[in-house]
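Reader: I've got this one open on my screen and would like to go through it with you. Can we start with the charged pairs?

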Amino acid sequence: MTPWRPTLAAMGILRITVDDTGTVAATSAKLHLVVKGTAAVLGNAAVKRAAEVRELVTALAGAGVGEDKVDVTAVQLSSSTSLLGRNQRAEIALTVAVEPEQLPSVLGILSDSPNLTLESLEWVYETFEASIPLTAQAMVKARRKADAVATAVGLRITDIANASDSWSMVSPREAMMAYGAPMDARSLKSSPGLDLGLDYSSSTEINVHVSVDFEMGE
């Protein structure tokens, strides 16, 4: 009696999954600020003309941070006057995008800025770009494992029927200022290279997952 042997169609697919972990460095940082200033008309462009914001933008330009890196995220009026009134007091929430190497100079500038509160520092990561070499590395591992498993049962890998990948999306992380946040920037010691007890660079882990269906044959 001939022993039963599965057909190629039944035994031809070998699914391999690989999880891998790598490190991704922050490409930039966002500083979340609140400036107490004046704004006659609401709107991003108009608020940027508030004297206090103009002064900050000019100072940041000296550190290589362009106006396009400064965004107005919210405005809260502290006056009961009409919205169309002039010289309303307002709290203006800003974000400033900086390169990691610009942080010491920028923090020094902020420490000299009156009416400014430094809320938090947020690291920004390019997870998609970081996932590309890591996913390729995981695919190599998957193929090595598939070859070994197929050889162990007297078969070989002939093709790939299906493949998919995913990676962890790193949530923006906030590094709070020393001694807690928010902080009045004027309470910080002014210095061209301000040291707040923070790392001026950051890295975090990124996880990738690949699943590959290999076709096997004799």
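Reader: How many salt bridges does the count come to?
Author: This is a predicted model, where local features need pLDDT of at least 70, side-chain atom pairs count only at pLDDT 80 or more, and totals for chains, interfaces and linings use all residues. Residues are numbered from 1 along each chain as its sequence is written, and side-chain values use heavy atoms, with hydrogens and water left out. A salt bridge here is a side-chain nitrogen of Lys or Arg within 4 Å of a carboxyl oxygen of Asp or Glu. By that rule the count is three.

Reader: How many residues apart in sequence are the parts that D213 and R15 tie together?
Author: The side chains of D213 and R15 meet at 2.6 Å, N to O. D213 sits in strand β9 (residues 203-217) and R15 in strand β1 (residues 13-25), so the parts they tie together are separated in sequence by 198 residues. (Strands are DSSP runs of E, at least two residues; helices are runs of H or I, at least four; both are numbered from the N terminus.)

Reader: What separates R143 and D147 along helix α5?
Author: Their side chains also meet in a salt bridge, 2.9 Å from N to O. R143 is partly exposed at 38%, and so is D147 at 30%. The two are four residues apart in helix α5, which means a separation of about one helical turn.

Reader: How many residues are in the largest nonpolar core?
Author: A nonpolar core is a set of buried Ala, Val, Leu, Ile, Met, Phe, Trp, Tyr and Cys residues joined through side-chain atoms within 4.5 Å. L31, L33, L56, L60, L94, V96 and L110 touch the most other members. The core's total is 46.

Methods
Buried means under 20% relative accessible area, exposed over 50%, partly exposed in between (1.4 Å probe, protein chains only).
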